[in-house]
Amino acid sequence: MHFHIITIFPSMLDSYLGESILARAIASKKIKVTTYNPRDITKDKHGKVDDRPYGGGPGMLMTAQPILDTVKKIIRKKKTAKWKVIITLPGGKMLSNVYASQTVKKYTDVIIICGRYEGIDARVKKGLKVLLPKGSSIDEVSIGDYVLTGGELPAMVMIDVMSRQVVGVLGKIESLEESRASSSEMYTRPPVLLVDQKKLIVPKVLLSGDHKKIDEWREGKDKKKLGK
Ligand code: ADE
């Protein structure tokens, strides 16, 4: 899976992608992440990539030309790719594991356009429909019901959640953790933890070695968590 990230702050992605599972996935070529800065391609003589909205209103919008020209440049280089283009948007469709796994299954390349300022000129979406080859798809996607200062954090969340679905990115142990992550209370050593004067102990059943009982205990905790 190749992620192409269009952002005016490419270095924001470096630290997150430079560590742990995602760094390993990049090193082993399971995923690839390329950043593109619209400032590098803007035709504005002052290097601007934003402007005031027509009709008035607060704030600035990202202009269409540098974004569309960047997309043009990206798609020109890969003739056989299957493109999903995502525009980060607080009001977009909500990101989920299902969305991530379907995207990973259907597409080879994901272009993420990171919004900034008060939004993006509506002609970006219209222009994308003109530029993209048949079989491509365009979505506006939100990572949660809140407004961030830009699309870079959402882009990183999207890369993370989609990369987990790419075969070979998670090791066997981590894949198993996937199903456990949403389940019951977990404990590790020591069996007794002293917090000030209070002893916090690991439930006895987990130390029993009786896996049937352990499974039953976990199922009970899961049901309680889900309010069943
Ligand atoms: N841009 C600003 N807030 C956002 C959000 N919650 N999801 C996606 N993009 C955003």
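**Before starting**

This is a predicted model, in which local features need pLDDT of at least 70 and side-chain atom pairs count only at pLDDT 80 or more, while totals for chains, interfaces and linings use all residues. Residues are numbered from 1 along each chain as its sequence is written, and side-chain values use heavy atoms, with hydrogens and water left out.

**Stop 1: the domains**

Colour residues 2-174 as domain 1 and residues 181-225 as domain 2. These bounds come from an automatic or database domain assignment. The centres of domain 1 and domain 2, taken over C-alpha atoms, are separated by 41 Å.

**Stop 2: the nonpolar cores**

Select Phe 3, Ile 5, Ile 86, Ile 112 and Met 162, which have the most contacts inside the largest nonpolar core, a set of 25 residues. A nonpolar core is a set of buried Ala, Val, Leu, Ile, Met, Phe, Trp, Tyr and Cys residues joined through side-chain atoms within 4.5 Å. Buried means under 20% relative accessible area, exposed means over 50%, and partly exposed lies in between (1.4 Å probe, protein chains only).

Next, show the elements that each supply at least two residues of this core: strand S1 (2-6), helix H2 (20-27), helix H4 (97-106), strand S6 (109-113) and helix H6 (152-163). Helices (H or I, at least four residues) and strands (E, at least two) are DSSP runs, numbered from the N terminus. H6 gives the most to this core, with six residues.

Which residues does Met 162 touch? Leaving aside residues up to four places away in sequence, Met 162 touches Phe 3, Ile 86, Tyr 99, Ala 100, Thr 103, Val 104 and Val 110. Contact here means heavy atoms within 4.5 Å.

Now select Tyr 36, Ala 64, Ile 113 and Ile 120, which are included in a second, separate core of 21 residues. In soluble globular proteins, nonpolar side chains tend to be buried together.

**Stop 3: a nonpolar patch on the surface**

Select Tyr 146, Leu 148 and Leu 153, which form a nonpolar patch on the surface with about 280 Å² of accessible area together. Accessible areas come from the Shrake-Rupley method with a 1.4 Å probe; for residues, only the protein chains shown count as cover. Patches are made of residues with over 30% relative accessible area and no salt bridge, where like charges are joined within 9 Å and nonpolar side chains (Val, Leu, Ile, Met, Phe, Trp, Tyr) within 5 Å. Tyr 146 is in the loop between strand S7 (137-142) and H6, and Tyr 146 is partly exposed at a relative accessible area of 42%.

**Stop 4**

Is Thr 88 buried or exposed? Thr 88, in strand S5 (residues 83-94), is buried, with a relative accessible area of 7%. The neighbours that Thr 88 touches, not counting residues up to four places away in sequence, include Ile 112, Cys 114, Val 141 and Met 158. Thr 88 and Cys 114 are 26 residues apart in sequence, yet 5.6 Å apart in space, C-alpha to C-alpha.

Then select Thr 80, in the loop between helix H3 (64-77) and S5. Thr 80 is exposed, with a relative accessible area of 77%.

**Stop 5: salt bridges**

The whole structure holds 10 salt bridges. A salt bridge is a side-chain nitrogen of Lys or Arg within 4 Å of a carboxyl oxygen of Asp or Glu. Select Lys 84 and Asp 139, whose side chains meet in one of them (2.6 Å, N to O). Lys 84 lies in strand S5 and Asp 139 in strand S7, so the pair ties together parts that are 55 residues apart in sequence. Both residues, Lys 84 and Asp 139, are buried.

Move on to Glu 152 and Arg 116, a salt bridge whose closest N and O atoms are 2.8 Å apart. Because Glu 152 lies in helix H6 and Arg 116 in the loop between S6 and helix H5 (123-131), this pair ties together parts 36 residues apart in sequence. Glu 152 and Arg 116 are both buried.

**Stop 6: the backbone**

Finally, display the backbone at Arg 189 and Pro 190, which are joined by a cis peptide bond with omega about 0°. Pro 190 is in the loop between helix H7 (172-181) and strand S8 (192-195).
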